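Work through the exercises below with the sequence and the model in view. Each task is followed by a stepwise solution.

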Amino acid sequence: MHITPEKIKEAAEALECTELKSFMFQEPTAGPLTKPGRSSRSTGRSRRSTRRSTRRSTRRSTRRSRRSTRRSRRSTRRSRRSTRRSRRSTRRSRRARRSRRS
């Protein structure tokens, strides 16, 4: 169903709605398509601030991930060292037992 100006006029007359009639007979104005009340400067600023915030958040997340990887590496190194030490100590104790027997 296509709405034509004639149909709108008929509906306005039927409803006797003054607002619709006044709206119908207004000249079409080609106003700005952007939302009223916001200038291009303010939108640019908001875009910049969002960019900055995203950059900061990505930096923080990368720092955190780096820290966590460093910590995990350290802990693996420590665990390896401790296992090596325990192996050495068991070897020494075995050697000592053998030497005591003979």
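**Exercise 1: Burial and surface**

Determine what share of the residues in the protein chain is buried. Solution: buried residues, those under 20% relative accessible area with a 1.4 Å probe and protein chains only, make up 2% of the 102 residues. The chain exposes about 10600 Å², an area from the Shrake-Rupley method with a 1.4 Å probe. Carbon and sulfur atoms supply 47% of that area.

The model is predicted: local features need pLDDT of at least 70, side-chain atom pairs count only at pLDDT 80 or more, and totals for chains, interfaces and linings use all residues. Residues are numbered from 1 along each chain, and side-chain values use heavy atoms, without hydrogens and water.

**Exercise 2: Elements and confidence**

State which helix has the lowest confidence. Solution: the chain holds 3 helices and 0 strands (DSSP runs of H or I, at least four residues, and of E, at least two). Mean pLDDT, the predictor's confidence from 0 to 100, is lowest in helix H2 (residues 18–24), at 62, and highest in helix H3 (residues 40–101), at 82. Where pLDDT is low, predicted coordinates should not be read in detail.

How values were computed. Buried < 20%, exposed > 50% of the residue type's maximum accessible area, 1.4 Å probe, protein only.
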